[in-house]
Amino acid sequence: METMYINHIAVVVCAISNLVVGALWYSPALFYKAWKKENGLTDEDFKNINMGKMYGISFILALIMSYNMAFFLGDSETDWVWGITAGFLTGFGWCAMIFAAIGLFEKKSWKYILINSGYIIVYFTLIGFILGIWR
């Protein structure tokens, strides 16, 4: 069995980057208004949310995704090029496709699907890069 390389600090950085990329992606400067409209949400819907709980659970989920990706990229031959490639293929080929299929059955709009799928693809490509370069 080959040696597996897992940089735990890089994995934590990947999980943090989930929150950072999400904050940018869903910010008013990018897709916040369109995402909110496609979800039928208003500013009132966000007033009574426990943000600590939401971000805490999101971080744990991101940590699980990041460790999962780190195990896929744990081979000794992994570099940043393979990391980006594997991250993109994971985000586009698996995650965004299943998200789109679920969105279609939920009768969500293509705009909703593209906004969220775009985030998924960017996030997985980024963590593939981080895990590929930070060995």
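## Helix packing

For H2 and H5 the angle is about 135 degrees and the axes lie 9 Å apart, so H2 is oblique to H5. H2 passes H5 in a left-handed crossing.

## Model and fold

This is a predicted model, in which local features need pLDDT of at least 70 and side-chain atom pairs count only at pLDDT 80 or more, while totals for chains, interfaces and linings use all residues. Residues are numbered from 1 along each chain as its sequence is written, and side-chain values use heavy atoms, with hydrogens and water left out.

The chain has five helices and zero strands (DSSP runs numbered from the N terminus: helices are H or I of at least four residues, strands E of at least two). Its elements run α-α-α-α-α from the N terminus on. The C-alpha trace spans about 50 × 30 × 25 Å along its principal axes.

## Annotated spans

The unreviewed UniProt entry places the annotation "transmembrane region" on residues 6–27, 54–74, 80–105 and 112–134 (positions follow the numbering used here, feature names are shortened, and annotations may be inferred rather than shown by experiment). Residues 54–74 are 90% helix and 0% strand, with end C-alpha atoms 30 Å apart. For residues 112–134 the figures are 96% helix, 0% strand and 33 Å.

## Largest pocket

The largest pocket holds about 820 Å³ of space. A pocket is an open set of points on a 1 Å grid over the protein atoms alone, where a 1.4 Å probe fits, with protein on both sides within 12 Å along at least five of seven lines; lining residues have an atom within 4 Å of a point. Points are joined across faces, edges and corners, and the volume is the space filled by probe spheres set on them.

Of the 25 lining residues, Gly22, Tyr26, Trp35, Met54 and Ser58 are the closest to the centre of the pocket. H1 (8–25), H2 (32–39), H3 (51–72), H4 (80–105) and H5 (110–133) each supply at least two lining residues, and H3 gives the largest share, seven residues. The lining divides into 20 nonpolar, five polar and no charged residues (Ala, Val, Leu, Ile, Met, Phe, Trp, Tyr, Cys and Pro count as nonpolar, Asp, Glu, Lys and Arg as charged, and the others, Gly among them, as polar).

Definitions and conventions. Axes fitted to C-alpha atoms, helices over the stretch in contact; angles between N-to-C directions. Parallel < 35°, antiparallel > 145°, perpendicular 65-115°, else oblique. Left-handed = near helix turned anticlockwise from the far one by under 90°.
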